[in-house]
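Hi,

Here is the structure I promised to pass on. Have a look at it first, then read my notes below.

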Amino acid sequence: MAQRMSDLLAIKAQQAFVGRDAELEVLRSLLAQQGPRMVHIHGIAGIGKTSLLARFATEARASGAVVVRLDCRQIEPTASGLLRQLGLAIGGEPPDADALAVRLGGLGAVVVLTFDTVEVFRLLDTWLRQVFVPMLPENVRVLFLGREPPSSAWQAIPGWGSLLQSLSLKPLSEPEANQLLLKLGVNNEESLFFAQSTHGHPLALTLVAAAFRNEPSGRWLRATPVQYALEELAHLFLTDVGDASTRRVLEGASVTRRATVSLLGALFPDLAPLDAYERLSQLPFVDNASDGLIIHDAVREAITRSLHANDPSRYLEYRRAAWRQLNSEAEAAGSDDLWRYTADMLYLIENPVVREAFFPTTAPPLIVEQAKPSDDEAITQIIHRHDGRVAATALLLWWHRLPQAFSVVRNRERTVVGLSCKLRSDAIEPTWAQDDPVIANWCDHLSQKPMAAGEIALYCRRWLSIVGGDSPSEVQAAVWLDLKRTYMELRPGLRRVYLTACNLAAYLSVAQRLGFTLLPEYGIELDGHHYPTAMLDFGPGSVDGWLSDLAAAELGVQHADDLIDVDARELVLVSGRVSLTPLEFGVIHHLHAKQGKAVSRRDLLRDVWGTTYEGGSNVVDAVVRTLRRKLGKQSAQLETVTGVGYRLKPKRL
């Protein structure tokens with residue numbers, strides 16, 4: 001029977017695998033009845049985690065086990081996102097946790113769930129540990145692969161003991177490195193030199209072998225000291241290997257999280273995008289994932305650092321072109337695909353406050369968990385330590401009414417060192433809000449500036465460290481990281497975030513960069529302390545629209561083909577800039593936020609004029625008429641939708 005191309009590629013990859021005998025023995029123990037139930041493999045970028053996984057998966061399937069491989073880069077980092085993706089991977093019922101557990105229990109005697117690049121799932125670490133892994137049936141084994149070892153909280157789980165093993169992946173030995181180079185086509189004389197100079201790093205060895213095949217003399221490699229420097233190898237590969245078109249495509253694609261045919265078409269309008277895609281897919285450090293091509297992190301980071309330093313203008317233009325294409329595609333993305341575009345947009349943002357909040361590069365030292373009844377004493381003590389009688393009474397009332405709204409922050413010794421309280425606007429009784437002056441103020445703001453039906457506000461009522469209260473601290477950092485998990489869970493319904501802190505001034509500069517607005521009239525005095533209010537309105541696009549706006553601001557691009565300049569409150573037309581009145585700006589900005597969608601006159605009256613306005617809807621028509629006059633030749637973009645209202649027509653890119 002003829003073999004498929006995928007079979008031949010798999011065989012070729014297996015033939016190039018060397019070493020890792022000790023590591024494979026640990027993984028094989030997963031298949032034994034008395035072996036561990038979970039193994040966490042960790043090591044630096046390019047050390048060979050994915051190759052080891054592929055080799056083990058082949059062996060495990062040959063022994064009769066079922067292996068389900070999941071790449072965390074392609075999964076929304078929320079509980080629902082993971083369950084949905086797992087449901088697609090194993091078939092059966094929709095992504096309900098109980099139904100999936102039953103399905104996994106019936107798939108085979110041993111089922112191995114593997115999670116590659118698990119470091120991007122740090123927002124989900126607590127849920128994985130407390131909910132997901134414990135709900136798995138007895139026949140399931142879990143294999144995590146990431147850059148860092150598991151958090152100390154995993155080791156602290158009672159009863160795990162030998163059921164959980166952590167394995168650090170080291171470089172290949174010199175004989176193993178030499179053997180790999182020989183299998184990759186490097187002759188024996190050269191392989192000895194390169195095995196030593198790369199210090200056994202598998203990705204570096206792969207780059208060397210690929211370069212050697214293009215220039216067997218190895219002159220350019222010998223002329224530059226490699227010394228385990230992936231960045232130097234990636235730079236040499238980019239400048240001296242392959243043809244100019246491939247090098248150019250690799251450089252541009254490195255600024256994106258993933259490369260697709262459409263994205264490459266936007267980055268390189270003078271090239272055939274399918275040809276560019278195929279060129280990229282043939283490189284030895286590029287993975288063909290389900291949603292596009294992914295360049296290995298170590299290579300991608302090295303190339304972007306070099307490009308940013310040597311040609312910042314081209315680096316910026318690549319990112320701008322990527323933003324325009326991703327923003328256009330995201331408008332039509334379904335709910336299942338929306339996370340991919342969110343992750344793509346996050347990758348374009350260099351602001352560390354934003355990037356680290358969603359994709360932290362290091363494991364947080366403190367753990368945020370759902371509060372338990374046994375935490376009552378610690379929670380009460382922390383609140384009374386920092387809040388006066390009235391403020392403490394209001395906060396503790398929420399603890400007794402809605403304990404699920406509270407999280408605690410634990411250190412490595414599992415001691416509670418902080419807390420947070422987050423409330424959803426759709427989960428509290430209206431009468432309860434009157435018992436808390438802070439929440440009552442926020443509800444009043446909502447009544448004055450209402451949201452659309454189905455939209456949610458998140459009340460970040462309090463965060464406190466046992467030592468520093470609500471001042472900047474490791475506790476506050478852990479709470480804010482957990483807050484981003486809540487953002488992801490509540491999108492696309494999440495519209496606003498309200499928060500307060502006595503020491504809000506310490507955060508204000510960062511908060512304002514993220515879009516928070518101080519609401520002075522909604523601050524309040526309790527027990528002699530001032531509790532100011534800040535509010536973030538994500539806009540109709542929820543978290544995804546907010547991230548797109550942050551990326552646009554950072555890149556210096558505008559939505560709607562630069563039709564409006566939000567900061568200047570001006571139309572940006574082919575004929576020049578035109579100033580707008582407050583009402584004109586309010587209408588065009590609201591229509592722009594829902595670009596391509598019909599917006600009713602009632603919605604415009606509510607969101608632009610406010611609920612206190614009692615006039616008729618003809619005022620909307622009057623403002624639209626003046627806007628069309630100012631738009632001039634571009635007035636056709638502002639369409640009338642008969643019987644509904646108006647729509648801002650998207651311009652073709």
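To start with, Phe-406 stands opposite Cys-421 in β10. (Strands are DSSP runs of E, at least two residues, numbered from the N terminus.) Bear in mind that this is a predicted model, where local features need pLDDT of at least 70, side-chain atom pairs count only at pLDDT 80 or more, and totals for chains, interfaces and linings use all residues. Residues are numbered from 1 along each chain as its sequence is written, and side-chain values use heavy atoms, with hydrogens and water left out.

Phe-406 belongs to β9, residues 406–410, a mostly covered strand with five of its five residues buried (under 20% relative accessible area, 1.4 Å probe, protein chains only). Phe-406, Val-408 and Arg-410 point one way, Ser-407 and Val-409 the other.

β9 has antiparallel pairings with β10 (residues 416–424) over five bridges and with β8 (residues 367–370) over four; pairing takes at least two DSSP bridges between the strands.

As for confidence, pLDDT (the predictor's per-residue confidence, from 0 to 100) averages 85 over the chain, and 88% of the residues score at least 70. Residues 1–13 stay under 50, with two contacts beyond four places in sequence (contact means heavy atoms within 4.5 Å). Residues 224–228 are also below 50, with 15 contacts beyond near neighbours in sequence.

Cheers

Methods. Buried means under 20% relative accessible area, exposed over 50%, partly exposed in between (1.4 Å probe, protein chains only).
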